[in-house]
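Please look over the sequence and the structure first, and then work through the questions and answers that follow.

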Amino acid sequence: MNVVKSDVEKLVQKELESANQRFPMFRSDHEGAAVIVEEIEETKDELIGVEYEFENLWRNVKNNYEIGCSERAENISIRAVRLACEAIQVAAMAQKFIDSQKEREKSEDN
């Protein structure tokens with residue numbers, strides 16, 4: 001995991017920059033939390049898909065049924081990449097939450 005951690009952190013920053021270009025900072029903690037929970041739900045959905053594909057792959061392996069195993073493994077890979085993308089969005093939105101709070105605090109102090 002340490003091999004790709006810095007790459008993932010760069011991807012989080014890239015996702016955050018893209019989100020900041022398209023959308024304003026969160027106007028409230030409630031708005032930020034709502035966006036984060038939406039991303040978490042999408043992450044969970046992808047994980048459920050990975051688990052579903054693996055259950056089918058494992059069933060085939062246990063029963064020595066090779067047909068479809070490669071397809072299941074390919075689906076796991078596709079879903080896992082989407083899962084990683086969703087997790088990156090969770091991290092980016094958590095950072096946006098922090099940045100939004102700091103920005104609101106600055107404007108309140110002025």
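**Rings and charges in a predicted model**

Trp58 has a relative accessible area of 43%, which makes this residue partly exposed, and the model in which it is seen is a predicted one.

Q: How many aromatic pairs does a search of the whole structure find, and how are the planes of Phe54 and Trp58 arranged, stacked or edge-to-face?
A: A search covering the whole structure gives one aromatic pair. The ring centres of Phe54 and Trp58 are 6.5 Å apart, and their planes meet at 5°. Because planes under 30 degrees apart count as stacked, the arrangement of this pair is stacked.

Q: By about how much of helix α2 are Phe54 and Trp58 separated?
A: Both residues belong to helix α2, which covers residues 29-62. Since they are four residues apart in that helix, the separation is about one helical turn.

Q: Is Phe54 buried, partly exposed or exposed?
A: The relative accessibility of Phe54 is 44%. Buried means under 20% and exposed means over 50%, with partly exposed in between, so Phe54 is partly exposed.

Q: Which side chain of opposite charge is nearest to Glu86?
A: Glu86 lies in helix α3, residues 69-109, and is buried without a salt bridge. Apart from neighbours within four places in sequence, its contacts are Glu39, Glu42, Thr43 and Glu46. The nearest side chain of opposite charge is 7.1 Å away and belongs to Arg82.

Q: Over the face of which residue does Lys96 lie?
A: Lys96 is placed at 5.6 Å from the centre of a ring, lying over its face. The residue that carries this ring is Phe26.

Terms used
Residues are numbered from 1 along each chain as its sequence is written. This is a predicted model: local features need pLDDT of at least 70, side-chain atom pairs count only at pLDDT 80 or more; totals for chains, interfaces and linings use all residues. Side-chain values use heavy atoms; hydrogens and water are left out. Helices (H or I, at least four residues) and strands (E, at least two) are DSSP runs, numbered from the N terminus. Buried means under 20% relative accessible area, exposed over 50%, partly exposed in between (1.4 Å probe, protein chains only). Lys and Arg count as positive and Asp and Glu as negative; His and the chain ends are not counted. A salt bridge is a side-chain nitrogen of Lys or Arg within 4 Å of a carboxyl oxygen of Asp or Glu. Contact means heavy atoms within 4.5 Å. Rings of Phe, Tyr and Trp (its six-membered ring) pair if their centres lie within 6.5 Å; planes under 30 degrees apart count as stacked, over 60 as edge-to-face and the rest as tilted. A charge sits over a ring if NZ of Lys or CZ of Arg is within 6 Å of the ring centre and within 35 degrees of the ring normal.
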